[in-house]
Amino acid sequence: RFLSLLSKETACDVLEWSFMQDLTNDGNAVLCLDMDGGALFNDGSPHQNMQYKEEWSLNRYARRDIQEGEEITDLYDDFSQTEIDI
């Protein structure tokens, strides 16, 4: 039902970043959606055009002017170093 409320493009993105996982080890898998920062950028190492504003911050900024139509890239290794548990 949730997916039917979304645009086709957004629903496709949600499905692409979804996975099933047994979170309670009782054999009942739940649908999980991975929408951390890594879902918004592709890995551009070693020439990524985004970076963190300051260490241990989730705020990012462009390292240089990003051209219209250019892919926004980040360094995937940074995500594991700045992961925040909620």
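**Salt bridges, burial and confidence in a predicted model**

Modeller: Arg-64 forms a salt bridge with Glu-70, their closest N and O atoms lying 2.6 Å apart. This is a predicted model, in which local features need pLDDT of at least 70 and side-chain atom pairs count only at pLDDT 80 or more, while totals for chains, interfaces and linings use all residues. Residues are numbered from 1 along each chain as its sequence is written, and side-chain values use heavy atoms, with hydrogens and water left out.

Colleague: What makes the pair Arg-64 and Glu-70 a salt bridge?

Modeller: The term requires a side-chain nitrogen of Lys or Arg within 4 Å of a carboxyl oxygen of Asp or Glu, and the pair Arg-64 and Glu-70 has its closest N and O atoms 2.6 Å apart. A search of the whole structure finds two salt bridges; one of them joins the side chains of Arg-60 and Asp-74, at 2.6 Å from N to O. That pair links distant parts of the chain, with Arg-60 in strand β5 (residues 60-62) and Asp-74 in strand β6 (residues 73-74), 14 residues apart; strands here are DSSP runs (E, at least two residues), and helices are likewise DSSP runs (H or I, at least four), numbered from the N terminus.

Colleague: Why is Asp-74 called buried, and why does Arg-60 count as partly exposed?

Modeller: Buried means under 20% relative accessible area, exposed means over 50%, and partly exposed lies in between (1.4 Å probe, protein chains only). Asp-74, at 1%, is therefore buried, whereas Arg-60, at 22%, is partly exposed. Arg-64, at 41%, is partly exposed, and Glu-70, at 27%, is also partly exposed.

Colleague: What does the side chain of Asn-49 reach, and why is Asn-49 called buried?

Modeller: Asn-49 sits in the loop between β3 (42-43) and β4 (50-52), and its relative accessibility of 1% is why Asn-49 counts as buried. The side chain of Asn-49 reaches the backbone oxygen of Glu-71 at 3.0 Å.

Colleague: Where is confidence lowest, and where is it highest?

Modeller: By pLDDT, the predictor's confidence in each residue from 0 to 100, the lowest mean is 60, in helix α2 (residues 76-81), and the highest is 86, in helix α1 (residues 8-16). The protein chain averages 78, and 77% of the residues score at least 70.

How values were computed
A polar contact is a pair of N or O atoms within 3.5 Å; within protein, one must be able to donate a hydrogen and the other to accept it, and residues adjacent in sequence count only if both atoms are side-chain atoms.
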